[in-house]
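User: Hi, could you walk me through this one? I'm new to reading structures.

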Amino acid sequence: MTTMTERREDTVYFEAALRPDTGASMFAESSASQSADLDELKPAPGLAERTANALQAKGFTVRHIGTFSISGEGPRSLWESTFHTHVEVRQAELEGRPPDVTATAGAQVPYLAHVSSEPFTMPQDLEPFIERAYPQPPPRFFASPIPPRVSYHHLRVPDDVALLLRSHPVHDRGVTGRGVLVAMPDTGFYRHPFYDHHGYNYNATLAPDATRVQHDEHGHGTAEAANIFASARDVDFVGVKMGANATLAFKAASDLSPAVMTNSWGYHLPGLDTLPNFLRPLELAVVEAVRERGITVCFSAGNGHVAFPGMMPDVISAGGVFVDETQVNGEFKLEASDYASSFDSLIYAGRHVPDVCGLVGKAPRALYIMLPVEPGDEIDSSLAGPGYPAKDGTAADDGWSVISGTSAASPQVAGVCALLIQAQPGLSPDQVKSILKASARDVSEGKSAMGQVAGDGYDGPTGAGLVNAEAAFRLARSARPRGRHAFPPGR
């Protein structure tokens with residue numbers, strides 16, 4: 001399948017309007033839907049199929065036989081010779097914006113259109129079937145870089161998340177994640193205008209079993225990637241769109257040799273004290289990434305799940321802290337999220353989850369952070385509408401949804417990891433984890449989804465607490481790197 005952003009510059013994508021049996025026309029001066037009964041615009045029975053056969057006989061590809069038109073495509077040379085005309089390459093911008101707003105341009109997509117003033121002749125053998133035929137330009141998708149407003153307490157990216165994770169002071173010192181590659185296997189990575197508007201280095205590629213690189217039919221990856229940039233605005237980001245095999249996607253991301261990987265997914269293994277055999281390849285891929293390749297790997301702790309690989313000792317397991325709008329003595333109130341997991345692994349002795357926390361909403365649905373999604377995708381449409389906290393109050397096709405979960409926490413933490421690696425290249429994954437834990441903000445209130453209660457110091461629901469980018473940065477500057485590539489050869 002050729003997607004909207006993979007249009008070939010040598011192909012004409014067209015609609016051929018079928019000739020109505022009544023002699024009426026859909027091209028009458030007034031709108032056909034206002035001036036004519038639709039039955040008057042229908043072709044004679046069987047005409048659509050005969051038209052499709054005629055187009056195919058000429059060499060065109062028919063993609064869809066509709067009631068009123070045929071959708072097809074064909075080489076530029078075939079189109080021009082068939083209709084004795086000429087077409088030219090033009091550029092369309094996928095993401096639409098008001099013409100009076102100055103912003104970074106969206107994705108530019110080439111397409112073929114008629115050259116102005118060129119003649120167009122319907123071949124004699126197609127005249128009985130087709131009234132007119134037109135090349136089709138790509139549409140604009142109306143996703144705004146500016147999120148909508150909703151009436152309940154929520155956070156917006158990047159500023160609110162950066163504020164609460166204390167990333168701004170680190171950015172002000174010139175440490176923004178620049179030059180640090182962060183990879184993220186997930187559902188897909190639509191090029192939302194939010195990313196271009198902010199000038200983020202946002203890229204996507206496919207796992208070997210995935211398709212449609214420019215689309216995110218679910219919306220999860222597109223949304224959660226924004227959390228990385230809130231923590232570290234200048235990282236080099238690449239999202240790896242998953243196919244059916246998550247292990248394959250993880251390995252494809254690891255093969256890119258990123259400094260940091262973030263993974264907002266996993267498997268629920270309640271009550272198990274032995275890892276199932278089907279997860280062994282993934283376990284080894286994670287171990288290889290961390291121990292052999294020196295990649296700092298973050299995983300979500302789960303949303304009430306006993307999550308693997310989030311339970312692996314090699315990874316940074318990200319739990320959840322909720323921060324409301326209440327301030328006491330100038331500080332926001334922190335509490336453990338009752339939506340996020342905390343548990344002791346039965347598979348890995350002595351392993352407690354989480355290590356540290358990001359920002360996560362509360363039960364029942366953790367509607368907390370306004371994040372960009374592909375307009376009309378599964379998340380956008382399923383959460384839309386009034387009725388908070390069951391619905392998020394956004395429109396079903398506006399390209400924004402209010403979500404979180406530990407899926408948001410892992411990329412937030414990964415962004416802070418990128419800041420530390422820029423500040424002190426050569427930090428090993430275990431050093432990065434230790435620095436995050438030593439510098440986290442203590443959370444002494446609330447409870448996790450498993451019912452563990454927070455208290456002073458290291459506790460069950462939040463581990464070491466909420467990541468603190470500023471404190472972690474200060475600590476990392478004086479750490480002696482011991483990663484695999486901490487020093488040049490010979491030193």
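Analyst: Let's begin with a term: a salt bridge is a side-chain nitrogen of Lys or Arg within 4 Å of a carboxyl oxygen of Asp or Glu. One more thing before your questions: this is a predicted model, where local features need pLDDT of at least 70, side-chain atom pairs count only at pLDDT 80 or more, and totals for chains, interfaces and linings use all residues. Residues are numbered from 1 along each chain as its sequence is written, and side-chain values use heavy atoms, with hydrogens and water left out.

User: How far apart are the closest N and O atoms in the salt bridge of R233 with D234?

Analyst: R233 is partly exposed, as its relative accessible area is 34% (buried means under 20%, exposed over 50%, partly exposed in between, using a 1.4 Å probe and protein chains only). Its salt bridge partner is D234, and the closest N and O atoms are 4.0 Å apart.

User: Which residues does the UniProt annotation "active site" cover, and what is their largest C-alpha distance?

Analyst: The annotation comes from an unreviewed UniProt entry and covers D186, H220 and S407; positions follow the numbering used here, feature names are shortened, and annotations may be inferred rather than shown by experiment. They are spread over 222 residues of sequence, yet they cluster in space, with a largest C-alpha distance of 10.3 Å.

User: Where does D186 lie, and which residues is it in contact with?

Analyst: D186 sits in strand 8, residues 181–186 (helices are DSSP runs of H or I with at least four residues, strands are runs of E with at least two, numbered from the N terminus). It is buried, at 2% relative accessible area. Contact means heavy atoms within 4.5 Å; leaving aside neighbours within four places in sequence, D186 is in contact with H220, G221, V240, K241, M242 and S264.

User: Which residues does H220 touch?

Analyst: H220 lies in helix 7 and is buried, with a relative accessible area of 13%. Not counting residues up to four places away in sequence, H220 touches D186, T187, S264, I379 and S407.

User: What is the phi of H84, which is not a glycine?

Analyst: Most residues other than glycine have a negative phi. H84 lies in the loop between helix 3 (76–83) and strand 4 (87–93), and it is exposed at 53% relative accessibility. Its phi is positive, about 50°.

User: What is omega for the cis peptide bond that joins Y388 and P389?

Analyst: Most peptide bonds are trans. P389 is in the loop between helix 10 (378–383) and strand 21 (400–403). The bond from Y388 to P389 is cis, and omega is about 15°.
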